[in-house]
Amino acid sequence: MTKTSPTPVPLPPPAAAIDLGGRTALVTGGGSGIGRACALALAQAGADVHVVDRDGAAAEAVAETTGGTAHVVDLADAEAVWLLPSEADILVNNAGLQHVAPLTEFPVDRFELIQKVMVTAPFLLMRQVLPHMYERGWGRVVNVSSVHGLRASAYKSAYVAAKHALEGLSKVAAIEGAPHGVTSNCVNPGYVRTPLVEGQVRDQAAAHGISEDEVLSGVMLARSPVKRLLEAEEVAAAVLWLCGPHSGYLTGASLPLDGGWTAG
Ligand code: NAD
């Protein structure tokens, strides 16, 4: 007989603040950008946060702010991933990197590294933390995918392949986790205002001899009806909501935070 999902506990009113007291979260790439914003938001809601990043200083700084624990780990190293805590109620698979080159010239080692960090590490971490979530009858897996988990762009073969793979992995976790009170979802940001993206805007403006505004509206945001960058805090707010009490029926989904890009 199919196991039914646990009966939810009575819900707080929809407008109540999300309380993650007593929950433990693990956020990869938590030292910077979106991961940092997620770590701060989850900690503010009361979670004990493990901040995982290969950049030790960045991870330590965020852990100090959140009162959490820093783990300096290269997620491309499977042996090091095994040493991370398995007792997490919330897993945010966020760490990622980009490499831009035509498919015919794409360096094989970069392609493989991107799959390791953005697909294999999330798989290993799910494999590691799901038994604890199943035991507690509650868990939230949030995968920071991208609009590139839903759409392709030229020159981003490794990134697009990895994000599409993450989408599939997230759906399998959703189906397997449902009887145990575990949801798994993706969030799919368009371009987010991070130092990396701001640098790209400056570089493209210089390269094409156009203003930064023109790079934003004409190049980066060409496919986005909302003509502004997304803020990391907006992504973190969606991630936090996915970890709250009113999201238990939303699983296997991909939440486009893309200014309408995929609506077109
Ligand atoms: P970021 O570069 O600011 O942060 C990424 C973090 O991941 C860094 O702290 C980095 O040290 C860490 N990291 C990278 N490789 C690692 C490894 N091997 N081991 C451990 N840590 C590693 O980037 P961000 O913009 O905040 O992106 C975070 C996630 O959001 C990524 O998965 C990215 O694909 C996704 N995303 C970003 C944007 C955007 O516009 N910035 C848009 C859509 C999706």
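The model on screen is predicted.

**Stop 1: the largest pocket**

Rolling a probe the size of a water molecule over the atoms shows where empty space is left. Begin with the largest pocket, which has a volume of about 1400 Å³. Select Gly96, Leu97, Gln98, Tyr159 and Leu196: of the 49 lining residues, these are the closest to the pocket's centre.

Next, colour the elements that each supply at least two residues of this lining: helices H1 (33-44), H4 (108-136), H5 (157-177), H6 (195-208) and H7 (212-220), together with strand E2 (48-53). Which element gives the largest share of the lining? Select H6, the source of 5 lining residues.

Now colour the lining by class. There are 26 nonpolar, 16 polar and 7 charged residues.

Then show domain 1 (20-192 + 230-257) and domain 2 (194-229) in two colours.

**Stop 2: the ligand**

Select the ligand and the residues around it. There are 25 of these, and the closest are Ser32, Asp53, Asn94, Tyr159 and Val192.

- Tyrosine 159 places a polar side-chain atom 2.5 Å from a ligand oxygen.
- Isoleucine 34 has a polar backbone atom 2.8 Å from a ligand oxygen.
- Lysine 163 has a polar side-chain atom 2.9 Å from a ligand oxygen.

On its own, the ligand has 830 Å² of accessible area, and the protein covers 90% of that.

**Stop 3: the second largest pocket**

Finish at the second largest pocket, which holds about 690 Å³ of space. Its lining has 29 residues; select Pro8, Trp138, Arg140, Pro245 and Gly248, the closest to its centre. Coloured by class, this lining shows 14 nonpolar, 11 polar and 4 charged residues.

Technical notes. Residues numbered from 1 in each chain as written. Predicted model: local features only at pLDDT ≥ 70, side-chain atom pairs only at ≥ 80, totals over all residues. Heavy atoms only, no water. 1 Å grid on protein atoms, 1.4 Å probe; cavity = no way out; pocket = protein on both sides within 12 Å on 5 of 7 lines; lining within 4 Å. Points joined across faces, edges and corners; volume = space filled by probe spheres on them. Helix = DSSP H or I, 4+ residues; strand = E, 2+ residues; numbered from the N terminus. Nonpolar A, V, L, I, M, F, W, Y, C, P; charged D, E, K, R; others polar. Domains from an automatic or database assignment. Near = heavy atom within 4 Å. Polar contact = N/O pair within 3.5 Å; in protein donor to acceptor, adjacent residues only side chain to side chain. Areas by Shrake-Rupley, 256 points an atom, 1.4 Å probe, with all protein chains shown as cover.
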